[in-house]
Amino acid sequence: MTEIKPSSTPIGRSAAFERGAVVLLGVLSLLAGAAAIVVGSGALGVFRARRPVADPLLAQWLADHAQLAGVIGLVAGVMLFVIGLWWVVRALRPEQRPDVRLEHADAGDLNVTAGALANAVRTDAEQVSGVTRARVRMAGTDRSPSLRLTLSLKEGTNVRHVWEELDEKVLARARQALGRETLPTAIRLRLDRGPKQRVR
């Protein structure tokens with residue numbers, strides 16, 4: 001049986017960028033707040049604590065160059081809007097369903113679509129004993145594809161037998177078809193409800 005290793009690849013799109021940006025903003029905000037507390041408490045001197053937040057020299061410069069300051073503020077606002085819009089689009093963008101290149105030759109490439117692969121794996125998965133329905137999605141990239149399987153099981157199905165048959169037949173066949181030793185796969189199991197019985 002294939003060794004089971006935890007993998008976040010097929011489970012969901014990586015949120016490393018979003019997490020990193022949020023952590024960075026949080027750290028900067030925390031440092032700014034800590035600096036304000038230190039200065040305001042008078043730890044760096046009473047004079048600094050009593051000074052206004054906006055430096056008088058900066059306020060005077062802004063008053064003397066109001067038009068330039070307005071342009072700078074407008075450009076900064078537009079840049080922040082564009083960055084925010086890009087971030088929203090990136091977060092809401094659907095995940096890729098990669099086609100896989102099976103063969104590369106001078107005459108042409110042999111590509112298999114994500115839909116065809118998903119349908120083939122779904123058909124094999126629904127032949128596993130105890131599985132009533134299967135949903136399959138391709139994820140990842142064309143260079144490192146992965147699978148997501150959602151299996152509905154009959155009531156009383158032996159999950160261990162389902163896993164063994166799934167690994168030995170379905171996933172092994174998928175790896176062989178793609179010519180890969182490993183194929184990261186996230187499997188979600190659901191138990192079908194038994195038929196309702198009337199109480200007489």
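Reader: What separates Lys169 and Glu165 in helix α6?
Author: About one helical turn, because the two residues are four apart in α6. This is a predicted model, by the way.

Reader: Why does that spacing matter for direction?
Author: An α-helix has 3.6 residues a turn, so residues three or four places apart point the same way.

Reader: What do Lys169 and Glu165 form?
Author: A salt bridge. Their closest N and O atoms are 3.5 Å apart.

Reader: Is Lys169 buried or exposed?
Author: Exposed, at 53% relative accessibility. Glu165 counts as buried, at 17%. The cut-off for buried is under 20%.

Reader: How many salt bridges does the structure hold?
Author: Four. One of them joins the side chains of Arg173 and Asp124, at 3.1 Å from N to O.

Reader: Which helices do those two lie in?
Author: Arg173 lies in helix α6, residues 159-178, and Asp124 lies in helix α5. So the pair ties together parts that are 49 residues apart in sequence.

Reader: Arg173, buried or exposed?
Author: Exposed, with 52% relative accessibility. Asp124 is among the buried residues of α5.

Reader: What about Arg122 and Glu126?
Author: Their side chains also meet in a salt bridge, 3.7 Å from N to O. Arg122 is partly exposed at 28% relative accessibility. Glu126 is partly exposed too, with a relative accessible area of 28%.

Reader: Back to α5. How many residues does it have?
Author: Twelve, residues 114-125. From first C-alpha to last, α5 reaches 16 Å, close to the 16 Å expected at 1.5 Å a residue.

Reader: Which residues of α5 are buried?
Author: Ala114, Leu117, Ala118, Val121, Asp124 and Ala125. They cover an arc of only 130° around the axis, which puts them on the same side of α5.

Reader: New topic. Where is there a nonpolar surface patch?
Author: At Leu74, Val78, Phe81, Val82, Leu85 and Val89. Together they make a patch of about 600 Å².

Reader: Which helix is Val89 found in?
Author: Helix α4, residues 66-92. Val89 is exposed, with a relative accessible area of 52%.

Reader: Now the strands. How do β3 and β4 run?
Author: Antiparallel. Nine bridges join β3, residues 131-140, to β4, residues 145-153.

Reader: What do the two strands form?
Author: A hairpin, with four residues between β3 and β4.

Reader: Which residue in β4 is the bridge partner of Arg133?
Author: Ser152.

Reader: And the side chains in a strand, where do they go?
Author: In a regular strand they alternate between the two faces of the sheet.

Reader: Zoom out. How many helices and strands in the protein?
Author: Six helices and five strands. From the N terminus on, the elements run α-α-α-α-β-β-α-β-β-α-β.

Reader: How much of the protein is buried?
Author: Buried residues make up 20% of its 200 residues.

Reader: What follows α1?
Author: Gly42, whose phi is positive, near 90°.

Note on methods: Residues are numbered from 1 along each chain as its sequence is written. This is a predicted model: local features need pLDDT of at least 70, side-chain atom pairs count only at pLDDT 80 or more; totals for chains, interfaces and linings use all residues. Side-chain values use heavy atoms; hydrogens and water are left out. The expected span of a helix is 1.5 Å times one less than its number of residues. Buried means under 20% relative accessible area, exposed over 50%, partly exposed in between (1.4 Å probe, protein chains only). The arc is that of the directions from the helix axis to the C-beta atoms. Patches are made of residues with over 30% relative accessible area and no salt bridge: like charges are joined within 9 Å, nonpolar side chains (Val, Leu, Ile, Met, Phe, Trp, Tyr) within 5 Å. Accessible areas come from the Shrake-Rupley method with a 1.4 Å probe; for residues, only the protein chains shown count as cover. Two strands pair if DSSP finds at least two bridges between them.
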